Amino acid sequence: AYNRRALDLSMHLNRSLVRKRPLGTDLVPPESAAKSKVYTYEEVAKHNSADDLWVIINGKVCDATNYKLDHPGGARFLVDKAGEDASDDFKALFHSPKARAIVDDLQIGVIEGFTPKTNVRLGSFLNRKPASPPTKALSKVTRHSFTLLSKVVISPDTCIYRFKVPLNLKASVPIGYHISTIVRVKAGGEVKREYTPLVDSRGYFELLVKRYDTGSVSEVISDLKIGQSIPFLGPYGKFRFRLRDYSRILVVAAGTGLAPMYRVLKRVFDAEKQEVTVSMVFANRSRHDILLKNKLDIWNSSYSQFRLQYVLSQVLLPTTLPPSLSLSLSDFR
């Protein structure tokens with residue numbers, strides 16, 4: 001009889017406790033709740049040093065600060081990826097179940113937009129809010145394919161490729177950031193390459209791509225037909241460009257390295273910041289290889305604060321350069 005009364009009291013207390021909790025919260029252990037905290041990419045990017053080292057692996061935000069010295073590949077690998085998404089590298093190295101278990105131990109939350117493949121808790125299912133429609137076309141976790149809209153030849157081996165972005169979405173690649181493509185090449189297997197969009201606009205983004213004789217990925221992109229698609233991931237980067245922080249900008253570029261610099265120039269001239277002076281040195285093999293020369297020349301003639309110098313490697317120059325081609329480092333101090 002004593003045991004029966006004790007059991008009845010225990011059941012009564014448990015029912016009382018459950019009624020006082022929000023529905024479903026008693027089903028989620030505290031550790032699981034902590035690991036489900038949602039972080040933005042901007043928040044993760046702040047933890048980008050050896051002493052404060054966060055990485056994203058398969059949608060999971062991990063604090064690897066105290067683990068880096070134990071990493072089999074050395075601390076350098078994790079430090080290089082600090083504040084970034086390391087999912088592709090993690091998958092490429094075919095990590096073992098033990099490594100995946102370590103990731104689970106290091107997990108402190110999930111990245112925005114990530115949906116874990118786990119059983120849905122009763123409470124979280126009943127209390128969850130309708131998901132907001134996505135606004136970004138790109139993801140660091142999931143490959144999204146983009147259709148080629150046009151291809152414009154601007155030099156014998158370089159083209160501008162325009163890829164379609166749904167009108168209700170944005171590529172949203174900040175200045176100084178890049179995106180990645182992973183394609184299957186003719187030699188077999190998949191290869192990853194990084195590109196900086198030349199233009200990131202509503203409805204499309206553009207890539208400046210040079211085809212190399214030994215370039216497996218540039219060959220795939222060059223062979224794309226209008227209407228065909230390839231996948232992209234991103235954006236990636238840590239650089240923060242705020243025009244108000246600068247009064248003088250020196251731009252040095254060579255070949256297709258013009259792409260990230262082009263976006264800086266466009267930002268300056270679109271803002272019509274007359275107080276910001278820009279000096280640019282642009283290197284190419286010959287005059288015929290100068291990419292987007294017409295656009296650069298228009299900017300050079302239209303904006304008095306822009307000084308443009310071309311450097312060519314395959315032409316014979318006179319011993320004495322004319323004043324218009326002289327270049328002094330004192331101009332950039």
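How many residues lie in the hairpin that joins E6 to E7? Two residues do, and the point is taken up again under the strands below.

1. Basis of the note. This is a predicted model, in which local features need pLDDT of at least 70, side-chain atom pairs count only at pLDDT 80 or more, and totals for chains, interfaces and linings use all residues. Residues are numbered from 1 along each chain as its sequence is written, and side-chain values use heavy atoms, with hydrogens and water left out.

2. Overall composition. The protein chain has 10 helices and 15 strands; helices (H or I, at least four residues) and strands (E, at least two) are DSSP runs, numbered from the N terminus. Of its 333 residues, 37% count as buried, where buried means under 20% relative accessible area, exposed over 50%, and partly exposed in between (1.4 Å probe, protein chains only). Of the contacts in the protein chain with a separation of 6 or more, 70% are between residues 24 or more positions apart; contact means heavy atoms within 4.5 Å.

3. E2 and strand E3 (residues 52-57) are antiparallel, with two bridges, and Asn 48 has Leu 53 in E3 as its bridge partner. Axes are lines fitted to C-alpha atoms, for helices over the stretch in contact, and angles run from 0 to 180 degrees between N-to-C directions.

4. Strand E7 and its partners. Five of the seven residues of strand E7 (residues 158-164) are buried, so E7 is largely enclosed by the rest of the structure. On one pairing, strand E6 (residues 144-155) and E7 are antiparallel over six bridges, with Arg 162 in E7 as the bridge partner of Ser 150. The hairpin from E6 to E7 passes through two residues. E7 also pairs with E11 in the antiparallel sense, over seven bridges.

5. Val 209. This residue is found in strand E11 and counts as buried because its relative accessibility is 3%. Val 209 is the bridge partner of Cys 159; the two are 50 residues apart in sequence and 5.7 Å apart in space, C-alpha to C-alpha. Leaving aside neighbours within four places in sequence, the contacts of Val 209 include Tyr 161, Tyr 195 and Ile 221.

6. The largest nonpolar core. A nonpolar core is a set of buried Ala, Val, Leu, Ile, Met, Phe, Trp, Tyr and Cys residues joined through side-chain atoms within 4.5 Å. The largest has 30 residues, of which Ile 249, Leu 265, Val 278, Met 280, Phe 282, Trp 299 and Phe 306 touch the most other members. Elements giving two or more residues to this core include strand E13 (248-254), helix H9 (258-271), strand E14 (277-284) and helix H10 (293-302). H9 supplies the largest share, seven residues. Apart from this core lies another, of 25 residues, among them Val 173, Ile 179, Val 191 and Tyr 195.

7. Packing of H9 on H10. The two helices pack at an angle of about 35 degrees, with axes 12 Å apart. Tyr 262, Leu 265, Lys 266 and Phe 269 in H9 meet Lys 295, Leu 296 and Trp 299 in H10. By class, the contact comprises five nonpolar, no polar and two charged residues; Ala, Val, Leu, Ile, Met, Phe, Trp, Tyr, Cys and Pro count as nonpolar, Asp, Glu, Lys and Arg as charged, and the others, Gly among them, as polar.

8. Backbone details to inspect. A cis peptide bond, with omega about -5 degrees, joins Gly 234 and Pro 235, and Pro 235 lies in strand E12 (residues 229-236). Asn 58, in the loop between E3 and E4, has phi near 55 degrees, a positive value in a residue other than glycine. Leu 292 also is not a glycine and has a positive phi, of about 55 degrees; Leu 292 is found in the loop between E14 and H10. Asn 58 is partly exposed, with a relative accessible area of 27%, whereas Leu 292 is buried, at 17%.

Note on methods:
Two strands pair if DSSP finds at least two bridges between them.
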